[in-house]
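Hi everyone, thanks for coming. I'd like to walk you through one model today, so please have the picture open while I talk.

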Amino acid sequence: MREYLEKRNFYMARIIASEGGSPDRLCVSCGMLGDWRCTDCLGRPIYCKTCCRSSHALNPFHRVQRWAGEYFEDSWLINTGLIIHFGHGGKPCPSINMPSLHTPTGTHEPDTATLFGLPNLVEEMEDPNDDLDLELSKLSQMEAAEAHELPDMNEAVDQELETHVREEWNPDLQKSGQNVLVIVNVNGVHHLPVQWCRCPGHLPEDIQALDLHCFPASFKRLRTLFTFHGLDAFLAENQECKSSAWHYYQKLRRLTSGSFPHLVPDRYRELLRCTRQYRNLKHLKWHGFGHDVRPPGLGDLAVQCPACPQPGINIPDDWDQKPNQWVAILQTLEF
């Protein structure tokens with residue numbers, strides 16, 4: 001600690017200097033003036049809008065920031081025009097001639113500072129067939145607020161957010177055949193446009209999502225996906241840190257919006273369901289049922305006890321042929 005105290009001021013100066021980035025703000029890919037910065041890429045490099053989109057085609061869950069004139073503010077890759085393509089390993093479907101995502105003429109990009117850094121999409125609030133149950137979501141938020149796990153925010157904040165989204169951000173995504181999904185990853189909750197494969201004989205959408213390691217929250221009309229990375233992280237935290245699904249998802253909401261986590265879309269119920277399904281699939285795979293058409297029977301998914309007598313493993317195969325020797329040993333192993 002004494003050595004740290006000698007370096008503390010220098011470390012603080014370097015950390016603050018890194019917040020502003022390079023003074024020339026040149027794109028690391030093309031050398032042009034860049035207004036975007038990725039906080040998940042090594043060194044937080046500066047990109048122009050085009051290079052930021054292209055360099056994150058296979059890393060769509062990175063968190064980015066945009067230059068606001070005097071500082072970098074939190075933004076989203078959806079504002080760069082990034083689209084996730086399913087069905088062809090991340091490449092665009094050749095059967096669809098799809099224009100790039102852009103802000104329609106006569107509108108302007110939303111003020112992410114006004115939106116508190118939240119996903120600025122009107123579809124999240126208007127779609128009645130969404131996975132989100134608004135009434136249950138409000139109930140769960142009230143219960144969490146009573147338990148002092150969420151801040152008790154004024155309802156006027158919600159009204160201000162909803163009004164701003166409806167008035168300022170209404171990109172016409174339907175003409176390009178895109179859908180905007182809620183995708184929950186290990187570093188937060190994302191809204192990203194996706195394009196499904198539409199080739200003749202294409203696979204169902206949920207299967208296309210699985211091919212890119214995204215677990216669907218529903219099977220008929222997909223609106224929410226959980227990445228395998230995020231589900232594996234929850235299973236590890238649940239086992240080692242004893243974190244509940246509620247606390248894990250609250251962590252994701254706070255990672256998404258540190259100031260207003262309660263405004264992030266609530267996918268707690270979907271997380272409960274998908275983690276059970278995902279854990280069951282992993283157990284089936286570990287016990288060899290991925291290549292076996294028969295359904296698992298009673299005890300087939302149980303973990304073998306290393307202390308129990310198992311012929312050929314911890315006792316000889318002919319143990320029953322030597323009763324005088326092995327019966328006495330087995331009697332000592334009774335619990």
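Let's begin at Thr 80: is this residue buried or exposed? Its relative accessibility is 1%, and anything under 20% counts as buried, so Thr 80 is buried. Please keep in mind that what you see is a predicted model. Thr 80 sits in the loop between β4 (72-75) and β5 (84-85). If we leave out residues up to four places away in sequence, Thr 80 touches Trp 36, Lys 49, Cys 52 and Arg 53.

Now please find Cys 38. You'll see it in strand β1, which covers residues 36-38. How much relative accessible area does Cys 38 have? The value is 0%, so Cys 38 is buried. Which residues does Cys 38 touch, once those up to four places away in sequence are set aside? They are Arg 44, Pro 45, Tyr 47, His 56, His 62, Arg 63 and Val 64. Take His 62 from that list. Along the chain, Cys 38 and His 62 are 24 residues apart, and their C-alpha atoms are separated by 6.9 Å.

Arg 44 is not a glycine, yet it has a positive phi of about 50°. You can find Arg 44 in the loop between β1 and β2 (46-47). With a relative accessibility of 23%, Arg 44 counts as partly exposed.

Arg 25 also has a positive phi of about 50°, although it is not a glycine. Where is Arg 25 found? Look in the loop between α1 (2-20) and β1. Arg 25 has 14% relative accessibility, so it counts as buried.

Let's move on to some helices. Helix α7 spans residues 228-241 and helix α8 spans residues 245-256; they pack at an angle of about 130°, with their axes 10 Å apart. That angle makes α7 oblique to α8. Their crossing is right-handed. On the α7 side, the contact is made by Gly 230, Ala 233, Phe 234 and Glu 237, and on the α8 side by Ala 245, Tyr 248 and Lys 251. Sorted by class, this contact of α7 with α8 has four nonpolar residues, one polar residue and two charged ones.

Helix α8 also packs with helix α9, which runs over residues 268-286. Here the angle is about 125°, and the axes are 10 Å apart. α8 and α9 are therefore oblique to each other. α8 passes α9 in a right-handed crossing. Which residues meet here? Ala 245, Trp 246, Tyr 248 and Tyr 249 in α8 meet Tyr 268, Leu 271 and Leu 272 in α9. By class, the contact of α8 with α9 has seven nonpolar residues, with no polar and no charged ones.

Finally, let's zoom out to the whole protein chain. How many helices and strands does it have? The secondary structure comes to 10 helices and nine strands. Of the 335 residues in the chain, 40% are buried. The accessible surface comes to about 20000 Å², and 55% of that belongs to carbon and sulfur atoms. Among contacts with a separation of 6 or more, 58% are between residues 24 or more positions apart.

Terms used:
Residues numbered from 1 in each chain as written. Predicted model: local features only at pLDDT ≥ 70, side-chain atom pairs only at ≥ 80, totals over all residues. Heavy atoms only, no water. Axes fitted to C-alpha atoms, helices over the stretch in contact; angles between N-to-C directions. Helix = DSSP H or I, 4+ residues; strand = E, 2+ residues; numbered from the N terminus. Parallel < 35°, antiparallel > 145°, perpendicular 65-115°, else oblique. Left-handed = near helix turned anticlockwise from the far one by under 90°. Contact = heavy atoms within 4.5 Å. Nonpolar A, V, L, I, M, F, W, Y, C, P; charged D, E, K, R; others polar. Buried < 20%, exposed > 50% of the residue type's maximum accessible area, 1.4 Å probe, protein only. Areas by Shrake-Rupley, 256 points an atom, 1.4 Å probe, with all protein chains shown as cover.
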